[in-house]
Amino acid sequence: RSALYLTRYRCSGVGLALCRRLLEEDGRIHLCIACRNAQKSESTRDLILATHPAAQVSTVEVDLGNLASVLRVARELRCRFQRLDFVYLNAGIMPNPHVNFKALWHGLLTGKVLHMLTTAEGIMTQTDRLNGDGLQEVFATNLFGHFILIRQLESLLCGNEKPSRLIWTSSSNARESAFSLSDYQHAKGQESYSSSKYATDLTSVVLNRKFNKQGLYSSVVCPGLVMSNMTYRILPVFLWKLLMPIMWLIRFFAKTYTLTPYNGAEAHVWLFKQKPENLDALVKYHSCTSGLGKSYVEPRKIDVDEETAEKFYQKLLELEKQTLERYSDLLD
């Protein structure tokens with residue numbers, strides 16, 4: 001079996017933990033790490049081989065925020081693989097995150113602070129910008145680049161003897177209130193990360209409707225709050241260290257405080273072992289950890305309107321047609 005893992009800067013944190021856990025489940029799997037930094041992905045490969053020396057681990061270079069890069073890697077993958085069994089769609093960015101301490105204080109006074117701390121609702125903003133393709137950078141990296149790659153890899157994903165799987169990393173921060181069909185790239189707001197993750201949920205729902213009969217199944221997971229490179233950019237590292245005892249305490253009340261990469265990968269690994277036909281397309285699978293440190297998976301209904309999901313999918317197809325006209329030389 002083969003598994004393609006997509007990441008942004010490097011395969012660390014949840015990504016590295018997932019790769020190791022997948023090989024523990026099935027040492028015969030061919031694991032391919034896709035990262036925009038070839039040197040760092042090779043370093044990750046060496047780390048994995050240090051603990052699993054017999055494993056098949058390869059790498060490809062791709063920047064999910066650059067359409068030309070996505071099209072080139074799709075061509076390379078079509079040459080290297082006859083099929084893909086699992087594609088872990090995990091690349092994501094949260095540029096210039098800011099915490100609204102005033103909103104956090106208000107949540108503390110109104111009793112909503114636990115909800116805010118577990119979803120980042122109302123307390124987390126980001127500053128977005130246009131990328132080289134003229135797209136909003138967060139939308140392009142967190143969703144559209146993945147979408148284009150999937151479309152380009154349909155020949156490896158559909159019509160196989162056994163089902164293929166798409167496993168998207170979503171978030172508890174994926175909120176309908178941050179998303180708008182009229183501004184689906186989130187050019188006008190300050191919650192681009194939340195919008196992109198809600199768009200991810202919408203996309204997964206529609207992909208199941210379109211491709212299940214062709215043997216392709218899509219799922220979304222939430223790794224919970226994991227201490228990772230992305231998390232450490234939200235607050236200074238020294239402040240996180242001061243907060244850690246409080247966060248371990250919060251975990252007795254907030255089970256999505258997985259904190260460690262190993263715990264955060266729980267839902268990803270759980271889905272690896274499930275039959276896709278038995279899964280609910282309208283469910284997000286959350287990695288959870290009890291106060292005593294036991295990891296488990298909790299399914300929760302996705303808060304999506306299927307009509308909105310279909311309309312958004314059509315907008316993605318329209319955007320795909322518009323953007324790919326510039327890259328005809330990279331298309332077969």
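**Entry 1: a surface patch**

I looked up Leu249, Phe252, Phe253 and Leu292, which form a nonpolar patch on the surface with about 530 Å² of accessible area together. A patch takes residues with over 30% relative accessible area and no salt bridge, joining like charges within 9 Å and nonpolar side chains (Val, Leu, Ile, Met, Phe, Trp, Tyr) within 5 Å. Accessible areas come from the Shrake-Rupley method with a 1.4 Å probe, and for residues only the protein chains shown count as cover.

I noted that this is a predicted model, where local features need pLDDT of at least 70 and side-chain atom pairs count only at pLDDT 80 or more, while totals for chains, interfaces and linings use all residues. Residues are numbered from 1 along each chain as its sequence is written, and side-chain values use heavy atoms, with hydrogens and water left out.

I found leucine 249 in helix H10 (residues 237-250). Helices (H or I, at least four residues) and strands (E, at least two) are DSSP runs, numbered from the N terminus. Leucine 249 is exposed, at a relative accessible area of 51%; buried means under 20%, exposed over 50%, and partly exposed in between (1.4 Å probe, protein chains only).

**Entry 2: salt bridges**

Side chains of opposite charge can pair when their charged atoms come close. I counted a salt bridge where a side-chain nitrogen of Lys or Arg lies within 4 Å of a carboxyl oxygen of Asp or Glu. The structure holds 19 of them.

I looked at aspartate 63 and arginine 36, whose side chains meet in a salt bridge at 3.8 Å, N to O. Aspartate 63 is in the loop between S3 (56-61) and H3 (67-80), arginine 36 in the loop between S2 (30-35) and H2 (38-51), and the two are 27 residues apart. Arginine 36 is partly exposed at 35%.

I then checked lysine 210 and glutamate 310, with closest N and O atoms 3.2 Å apart. This pair links H8 (residues 192-211) to H13 (residues 306-324), 100 residues apart in the chain. Shared partners join Arg209, Lys210, Glu306 and Glu310 into one network of salt bridges.

**Entry 3: strand S9**

Is strand S9 (residues 283-289) enclosed or open? I found seven of its seven residues buried, so the rest of the structure largely encloses S9.

I looked up its neighbours, taking strands as paired if DSSP finds at least two bridges between them. S8 (residues 216-222) runs parallel to S9, with three bridges. S10 (residues 295-301) runs antiparallel to S9, with seven bridges. S9 and S10 form a hairpin with five residues between them, and glycine 293 in the turn has a positive phi of about 95 degrees.
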